Amino acid sequence: MDERPDAGAVLAVVGIDARRCEMHRQCEGLSDAIFRSSEQRVVLRAGDDPPGGVRRMERLIRSCPMGALELDIPGPE
């Protein structure tokens, strides 16, 4: 059975290597969102993840020609 995570549980964390980002914009503004955040990362949580959620983030990360975006998917606790 596929269990859904509890609301608010961390699904994924997206960070950035600012030294490699050249703001090509293929990531549809994801790098901008990360740079605007105080922690320099975006956290996707269960219940408030955007349409497409983690899969969309994976696609945006792969779209970066410089490989500057980094995805961390925490394992089960």
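Arg41 is partly exposed, with a relative accessible area of 35%; buried means under 20% relative accessible area, exposed means over 50%, and partly exposed is in between (1.4 Å probe, protein chains only). The model is a predicted one, in which local features need pLDDT of at least 70 and side-chain atom pairs count only at pLDDT 80 or more, while totals for chains, interfaces and linings use all residues. Residues are numbered from 1 along each chain as its sequence is written, and side-chain values use heavy atoms, with hydrogens and water left out.

Arg41 belongs to strand β2. Helices (H or I, at least four residues) and strands (E, at least two) are DSSP runs, numbered from the N terminus. Leaving aside residues up to four places away in sequence, Arg41 touches Val13, Val14, Gly15 and Ile34, where contact means heavy atoms within 4.5 Å. Arg56 lies 15 residues from Arg41 along the chain, and the C-alpha atoms of the two are separated by 16 Å.

The protein as a whole has two helices and three strands, which follow the pattern β-α-β-α-β along the sequence. Its C-alpha atoms fill a box of roughly 40 × 25 × 20 Å, taken along the principal axes. Of the 77 residues in the protein, 31% are buried. Among contacts between residues at least 6 apart in sequence, 70% join residues at least 24 apart.

Strands of a sheet pair through backbone hydrogen bonds, either parallel or antiparallel. Two strands are taken as paired if DSSP finds at least two bridges between them. β1 and β2 pair in the antiparallel sense over five bridges, and here Gly15 stands opposite Arg41 in β2. The antiparallel pairing of β1 and β3 runs over four bridges, with Val13 opposite Asp72 in β3.

α2 takes in residues 53-62, of which Gly53, Val54, Met57, Leu60 and Ile61 are buried. Seen down the axis of α2, these buried residues fall within an arc of 120 degrees, so they line one face of the helix. The arc is that of the directions from the helix axis to the C-beta atoms. On the other side of α2, Arg55 and Arg62 are exposed. What covers the buried residues of α2? The cover includes β1 (10-16), α1 (30-36), β2 (41-45) and β3 (69-72).

Two loop residues have a positive phi. Arg25, in the loop between β1 and α1, has a phi of about 75 degrees although it is not a glycine. Arg25 counts as partly exposed, at 48% relative accessibility. Arg25 and Leu60 are 35 residues apart in sequence, and 10.0 Å apart in space, C-alpha to C-alpha. Gln40 lies in the loop between α1 and β2, and its phi is near 60 degrees, a positive value in a residue other than glycine. At 35% relative accessibility, Gln40 is also classed as partly exposed.

On a 1 Å grid over the protein atoms alone, a cavity is a set of points where a 1.4 Å probe fits but cannot get out, and lining residues have an atom within 4 Å of a point. Grid points are joined across faces, edges and corners, and a volume is the space filled by probe spheres set on the points. By this rule the protein has one cavity of 30 Å³ or more. The largest cavity holds about 70 Å³ of space.

Definitions and conventions: On a 1 Å grid over the protein atoms alone, a cavity is a set of points where a 1.4 Å probe fits but cannot get out, and a pocket is an open set with protein on both sides within 12 Å along at least five of seven lines; lining residues have an atom within 4 Å of a point.
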